[in-house]
Amino acid sequence: MALPGLVLLLVFHYLPLLGNLIAFQEYLPFVPLGRSAWVGLENFAVIFNGDAEFLNALKNTLLITVVQVIFVFPAPIALALLLNSLLSERIKRVVQSVLYLPHFLSWVIVIAIFQQILGGSGLINNFLRSHGMGTIDFLGNPDGFIALLTSQVIWKDTGWGTILFLAALTQIDPGLYEAARVDGASRWRQLWHVTVPGIRALIILLLILRLGDSLTVGFEQIILQQNLVGRPASEVLDTYVYNNGVLAGQWGVSAAVGLVKGLVAVVLVLGANKIAHIFGEAGVYQK
Amino acid sequence: MSTIQRGIDDGPAMSSRVLKTVVLVVCCAFVIIPFIGVIATSIASQEHVTNSGGFVLWPDGLNLDAYKAIFNGGVVQRALLISVVIATGGTLISLAGSTMLAYALSRPGSFGQRPILLIVLFSLLFSPGLIPNYLVVKEFGLLDSLLALILPTAISGFNVIVLRSFFMGIPDSVLDSARIDGAGDFRIFWSIVLPLSKAVLAVVGLFYAVGYWNAFFNAMLYINDTAKWPLQLVLRTYVINNTELSSGDLGGASADQLPPQESIQMAILVVSLVPILIVYPFLQRHFAKGMLTGAVKG
């Protein structure tokens, strides 16, 4: 009974895991898989010797992660607090229905929509042009690329991101607010001393998951827009692997970078989890 | 953000209520207005679109020329058909594989249950990487085959776990009584377990279907033959990269009759949006629940 599903998992999930061996080979597309010459750690040289292109991809990846942890991560928390403070359940539901929708759209659609608003002949530039003002290049400006990515992620996923926080907020005992009010706590003090502790465990959990994903930043989103801003500004580790491997044929090197990336990601999740335990929070898993 | 608790508040100040309303209205407008513009541009008249510089926020009437152009037998219509085939075929394959796997895992003591469960759980923790994935698909001769868009993503460990926890809720006594009546494992699965699980099957099926419908990168990676492009790739080429749709791409309509490119582009966008909008009410209700279940169990 388990066989068909198990075979699919093994073939397309575990077999590729073995395929990572080509990171230690000089892979050539016309040589059968597994027959390529072994070259030891040669493919890893770009990492250890600090190849400029690789370092640039690493730098962009980490920069995007930092920016998104600062701007994207808190957005659903703020929105959830706002929604939670609404007195009318009906308004809340209408707003939720609207704001959850973008989550279900593909990146292709989201970027196509952004182009209609921010593109050269998009809504904003049309407006500027018809009012005799200069146009702004939102989509092709390398310096604004991270801001563009960040605004797209916020547009797509902030609404959806509120779900877990809204659920956590309903778990807070209303008696705590009452007690705080009796003690004379202002609304802001109630927020700080009752609400924040009530959702702190969830915030830490999600932050751990996000940090574990530090090296993965919006691959589809970036690859779709890369030709507008050029590779130096937009190359991240995943696009580096794709561009150098699949497109440029450096299979071994790309696989090596991908493998190291995967291993570091596992270490990051385990490490972040450990830190959470030290601070007395639950973390992703229990020992 | 002045009041935190719901219902039991002594009434927030007027100013904070106004502020909250303004913030939420702005948030909703940011999401809704682009959609209105996309639909409006797809149905506005040629002059209106041209005079507005290519994107209108409100149509001047109902003009379906752009839709007629893309449903005239060209690349868009073909891509739509391919996407429908992938989404339905893929969902069926995914559901078949996932439910059977999940059912086998839901009965403690069935053959190999522990190791198989570990294999499923472990698959959630890592991804093997782009290059090895590509090489496996290539070695199996699946490049330029629609199966390359289905089989690699057919089994989602997360969905298997969701199905498994539902199946575990079916009491053993129900299945035992069928077994005493002489039903085999498959018979029990098909005639008892699946009919009892219609709700969760619908949810997981939608999960998979939306995933197949939205998938873009695998198609870009594995499908070079433009005749086999799904809709998302057509969207990228003709809308994002702004490649002009010639009359040949649109089933041979004569060039001077073509509606403006902007309208055609927005019509393609609408066509790819419609299936998501149709299932959205279900998605919203059940996915939110599913996400919470996953979170509680995780």
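Before I go on, a word on the source. This is a predicted model, in which local features need pLDDT of at least 70 and side-chain atom pairs count only at pLDDT 80 or more, while totals for chains, interfaces and linings use all residues. Residues are numbered from 1 along each chain as its sequence is written, and chains are lettered from A and ligands numbered from 1 in the order in which they are written.

Let me stay with chain A. It has 14 helices and 2 strands, where helices (H or I, at least four residues) and strands (E, at least two) are DSSP runs numbered from the N terminus. Its C-alpha atoms fill a box of roughly 75 × 65 × 45 Å along the principal axes.

UniProt, in an unreviewed entry, lists residues 58–272 of chain A as "domain: ABC transmembrane type-1"; its positions are given in the numbering used here, feature names are shortened, and annotations may be inferred rather than shown by experiment. Over residues 58–272 chain A is 77% helix and 0% strand, and the end C-alpha atoms are 20 Å apart.

Turning to chain B, we have domain 1 (1–63) and domain 2 (71–298), with bounds that come from an automatic or database domain assignment. The centres of these two domains of chain B, taken over C-alpha atoms, are separated by 32 Å, and the contact takes 10 residues from domain 1 and 8 residues from domain 2. On the domain 1 side, helix H1 (14–43) and helix H2 (46–51) of chain B each supply at least two residues, and H1(B) gives the largest share, 4 residues.

Finally, why is Ile150(B) counted as buried? It is because 24 other C-beta atoms lie within 10 Å. Ile150(B) sits in the loop between helix H6 (130–139) and helix H7 (157–168) of chain B, and, leaving aside neighbours within four places in sequence, Ile150(B) is in contact with Ile86(B), Gly89(B), Gly90(B) and Ile93(B).

Conventions. Contact = placed C-beta atoms within 7 Å. Buried ≥ 20, exposed ≤ 12 C-beta atoms within 10 Å, placed from the backbone.
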